[in-house]
Each structure stands twice: as C-alpha cells, then as structure tokens.
Amino acid sequence: QSDGEPLPDYVAWKDAEDMIVHSKQTLETKRAAQGSELITPSTELYIRNNLPAPPDEIVADRDAWEVEIDGVANPGKMTVGEMKTLAVETVVCVLQCSGNGRAFFDHETSGSQWSVGAAGNVVWTGVPVRAVIDAMGGANAGAVFLTGTGGEEIPEGLPPETIQVERSVPKVAMDQAILAWEMNGEPLPLAHGGPLRLVIPGYYGVNNVKYLKRLAMTAEESPNKIQQTGYRVRSVGVKGDPSQPSMYEMAVKSWITGPLMDAATGKVQVHGVAMGGVSGLDKIEVSTDGGQNWAEAQFLGPDLGPYAWRPFVLITELSEGTHMLASRATNEAGDTQPEIFPPNERGYGNNGWRAHAVDVTVS
Ligand code: MSS
C-alpha cells in the first residue's frame, strides 16, 4: 500500500494522482478525489480483481462477445450485438466492494485495507436482464437465483470451483439488474468488466460479475467457493459457511470527503457523499463535534435514483482547535447509519459513522 506507486499496465490509463495502489489487483480512489463528485470518472474508479483480468483481445470485437444463457426454456448463446437489439436502459448506481471500510475496524482483518475509496457512483447502460431471459423463452420453473459467471481463464489443473468468480443473487434482483456494455457513456473498459458486465444495482460489488460469459436461472446457489464460503458475514474467528448471510444488499452509508486534515477558522464547506443502499436517501446530517450535535446538511445536484449516491455539503463555522467531523445518513426505508458497525471476520459492510469520521485541525 503506497502512494505514487506506478499503475499496473491494464489500468495505466487511470489517474495515478487520484489512486492508492494496494496491489496489482486492488486500487482505491483517494478520499479527497471523491470530493463532491456526482459521478465517479472511470479514470478514478477503484479496481478489485479476484483473478488477473483477461487479455485485451476480449474487447477487440465487443459485439461478437457471446454469453451462454441457461436455466431458460430455450438455452443457448446470445451475443452482445443481439442483446443490443432487445432493449436498452440506463441506471446509476454505487459500485462498492464488500470490504470498503475494512481498514476502520479495530480488529485485524485479512484482505485489502480499504478506507472509503473502494466505491464509486457509476452510470451503466445495457439491456435489462429480464429482456434477455424473456427472449430465451423465460426462466425455468423452480429457478430462484440469477447466477453469473466471470470470463477469466482458469489455469489448467485447478478445479474451477476453487477460484472462478461465479455469484448467485436472489431472483428478485432481476427487477433492476442489467447487462451493461457502457460505463459513464463510454464502451465498458476491460478493467471494469468489458465487453459485458452483470450489474445488480443496490448490491455489493462482488455480485457485479465482470466479463460475463454465462448467465443462468438456477435452483441452487453457485457451488463455487466465492459463493459458498466467501463473502459471508460471521463473527471474528468463525469460518465461512453457506448458512451465514451473503454480501447482497448494501446498507445506508456516508462519509466526509473534505476537509480531511486542516481548515482555516470561519466559514467552511464540509463535503461528503451519501448512499441509501437499496432505498433512496431521506436525509444527511453532519456533526462537527464528534457526534454530540448534528445539523442537517444539503444534498448537492440531482437525485439520480435510489441506487445512486448523492454528494452533500454543510456550510458551517469552525473555531480554532481539533474538530471531529462525522456524517450520518438515513434512507427512505428509515434505516440510519449506526454509530458502530459490529466487527466481523472478514471486515465486511462497515457503515458505522464514528469509524468514518475525520479529525480536522482548524487554525
Ligand atoms: N467479476 C469478475 N469476473 N472477476 C472479479 O474478480 N471481482 C468482484 C466484482 N466482479 C470480480 C468481478 C469484486 S469483489 C468487486 S468489489 C467488483 O467486481 C469490483 O469492480 P471494479 O470494476 O471496481 O474492479 Mo468486492 O465485494
């Protein structure tokens, strides 16, 4: 984890100044860069790869990319070109890694030590999953999951179940799921899942399978490790197993993006971003005294729907000294960020407001 480390080749087009390179497979957006950005530019969006990204060739002829569609009346292959003739929709949603906020837990956790930057707000365009399933004759009776498989090449000799990225989400997620070929108005970059990515608005990052090569309506969850024992929330010291909650729906969350260290006395704009999870935002409050008093802040810019984040600002006056700036969001379902999110084995899902607060010195 170091600043100013060179970007890996496959993401050399990103803005090095705005990224923290944790490893070749994990890059985080700097907190200050998030600022009050309504949409996260692709040059700043974080990267999380469980396996090395596939080679460039797979985006050479995007429309020719084939996806196997299974668990439907007429199973078979469909190309991106064919999908483009079915329907098209645009959805704005937060893409956030399950482990975003992991670094703020007090206990030791394995995995990338993300602070707030394994998240971004992205515009996706593609075909609704429903339209694809309908075009293939509809889902088989008894299907309760939507299962997507990533297109990475699995090294020979390794049983695919042990490393292949394949995730199943409950069928209800189909209401909002799309197969995206565009991100922020441009062809989907390979690093973010081009030529085609499964996008499940409101669900944690891991469910948004990149370089999608198979989509299936299934009666069971994927047998793969990433589904069965990975991304399961459990107490510290406990092994993952399928009875534990899977990282599906995201929770209400927010954090301050500025100022982060110093400020001058007098009027100051306190900025941040807030998300409702699977419900829209109701309100955002900011505290400048470590959570003793809260003031309602103002959302900035248009509301881009229930799955998008909203930048916010509070204009306030700060006196000399150290101030703990915190933010606390409430969604339309009535959920408010807790002060502390309980520790869990892999450090998933942290949305506690206290851990996300920043200490700012005013002079
Ligand atoms: N997909 C695939 N195919 N592969 C991999 O590795 N990862 C995950 C998702 N998807 C993967 C996929 C994760 S885990 C995440 S977060 C995401 O993705 C990220 O994205 P980007 O675009 O940012 O890189 Mo955690 O929950």
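The structure is a predicted model, in which local features need pLDDT of at least 70 and side-chain atom pairs count only at pLDDT 80 or more, while totals for chains, interfaces and linings use all residues. Residues are numbered from 1 along each chain as its sequence is written.

**Domains and their contact**
- The protein chain is divided into domain 1 (9-228) and domain 2 (253-362), with bounds that come from an automatic or database domain assignment.
- The C-alpha centres of domain 1 and domain 2 lie 27 Å apart, and their contact takes 25 residues from domain 1 and 27 residues from domain 2, where two residues are in contact if their C-beta atoms, placed from the backbone, lie within 7 Å.
- On the side of domain 1 that touches domain 2, the largest share, 4 residues, comes from strand E6; helices (H or I, at least four residues) and strands (E, at least two) are DSSP runs, numbered from the N terminus.

**Ligand shell**
- The ligand is surrounded by 22 residues, of which the closest are Asn50, Ser98, Gly150, Gly205 and Val206; a residue counts as near if its C-beta atom, placed from the backbone, lies within 6 Å of the molecule.

**Strands E8 and E9**
- Strand E8 (residues 145-150) pairs with E9 in the antiparallel sense over 5 bridges, given that two strands pair if DSSP finds at least two bridges between them.
- Glutamate 166 in E9 is the bridge partner of threonine 149.
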